[in-house]
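Please examine the sequence and the three-dimensional structure shown below.

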Amino acid sequence: MSLRGSDTRHFLTLLVVLTIGLYANTFSSGYVWDDRAAILGNTDVHGDTSLYEILRHDFWGQDINHEGSHKSYRPLTVLSYRLNFLLTELTPYGFHVGNVIIYLVTVCVFYLASVRWISLDASRVATLLFTAHPLHCEAVSSLVGRADCLSGLFFITGLIFYSDGLGRLRLTSPTQQSSLASFQ
């Protein structure tokens, strides 16, 4: 199945327009509840700590071994916040745009994954439903929800690599061939 051509470009453009259209209202939002602690009060985000220390801190910037730590370990999310801080300092607009961009990449990766396993038309419908599903609203509009978007992005990407790996397996027996065929 080839994803080349103007038809695919038009669909990807639709995904961009739909995603931005659904979440553009978040761009003018500020910081809410957990966003304040995770971003405004977190010295790991502001660049006041070393990258090594980020690996030793929880999501909220506290030493993971401290008894008061929540033990929520999300260093990639904190690093993405730090990148946001480097680009836009503490303007909430920049963080909200970052969340929408990460979600848009997740949507596109979802499309690339689904088109591998189901028909083109079914994958387009599934991707449109995935994009507009209300369940994702909190993950995109809440800044701390970035962890969920990144988790989804890495999970779907992992599925793509896994399925590609299955396709490259050298099958040596008829039993292996039939078990793989039933899995795919």
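Does R116 count as buried, partly exposed or exposed, and what is its relative accessibility? R116 counts as partly exposed, because its relative accessibility is 44%; buried means under 20% relative accessible area, exposed over 50%, and partly exposed in between, with a 1.4 Å probe and protein chains only.

The model is predicted, so local features need pLDDT of at least 70 and side-chain atom pairs count only at pLDDT 80 or more, whereas totals for chains, interfaces and linings use all residues. Residues are numbered from 1 along each chain as its sequence is written, and side-chain values use heavy atoms, with hydrogens and water left out.

The overall architecture comes first. The chain has 10 helices and zero strands; helices (H or I, at least four residues) and strands (E, at least two) are DSSP runs, numbered from the N terminus. Of the 184 residues in the chain, 39% are buried. A contact means heavy atoms within 4.5 Å. Among contacts in the chain between residues at least 6 apart in sequence, 62% join residues at least 24 apart. The chain exposes about 10800 Å², and carbon and sulfur atoms supply 63% of this area; accessible areas come from the Shrake-Rupley method with a 1.4 Å probe, and for residues only the protein chains shown count as cover.

The average pLDDT, which is the predictor's confidence in each residue from 0 to 100, is 86 for the chain, and 88% of the residues score at least 70. Confidence is highest in helix 7 (residues 120–132), at a mean of 96, and lowest in helix 10 (residues 174–183), at 57. Where pLDDT is low, the predicted coordinates should not be read in detail.

The charged pairs come next. Side chains of opposite charge can pair when their charged atoms come close. A salt bridge is a side-chain nitrogen of Lys or Arg within 4 Å of a carboxyl oxygen of Asp or Glu, and by this rule the count comes to two. In one of them, the side chains of D7 and R124 meet at 3.3 Å, N to O. D7 belongs to helix 1 and R124 to helix 7, so this pair ties together parts that are 117 residues apart in sequence. R124 is buried, with a relative accessible area of 13%.

A salt bridge also joins the side chains of D164 and R116, at 2.5 Å, N to O. Because D164 lies in helix 9 and R116 in helix 6, the pair connects parts that are 48 residues apart in sequence. D164 counts as partly exposed, at 22% relative accessibility.

Which charged residue is buried yet has no salt bridge? This is R146, whose nearest side chain of opposite charge, D35, is 9.2 Å away; Lys and Arg count as positive and Asp and Glu as negative, while His and the chain ends are not counted. R146 lies in helix 9 (residues 146–167). Not counting residues up to four places away in sequence, R146 touches T77, S80, Y81, N84, F95, G98, N99, I102 and A139.

T19 counts as buried because its relative accessibility is 0%. Residues up to four places away in sequence aside, T19 touches V100, Y103, L104, V107 and T131.

L51, L76, L79 and F154 make a nonpolar surface patch of about 390 Å²; patches are made of residues with over 30% relative accessible area and no salt bridge, with like charges joined within 9 Å and nonpolar side chains (Val, Leu, Ile, Met, Phe, Trp, Tyr) within 5 Å. L79 is in helix 5 (residues 75–88) and counts as partly exposed, at 33% relative accessibility.

The loop between helix 5 and helix 6 (92–117) holds T91, which is partly exposed at a relative accessible area of 38%. T91 and G30 are 61 residues apart in sequence, and their C-alpha atoms are 8.3 Å apart in space. E89 also has its place in the loop between helix 5 and helix 6. E89 is exposed, with a relative accessible area of 56%, and its phi is near 55 degrees, a positive value in a residue other than glycine.
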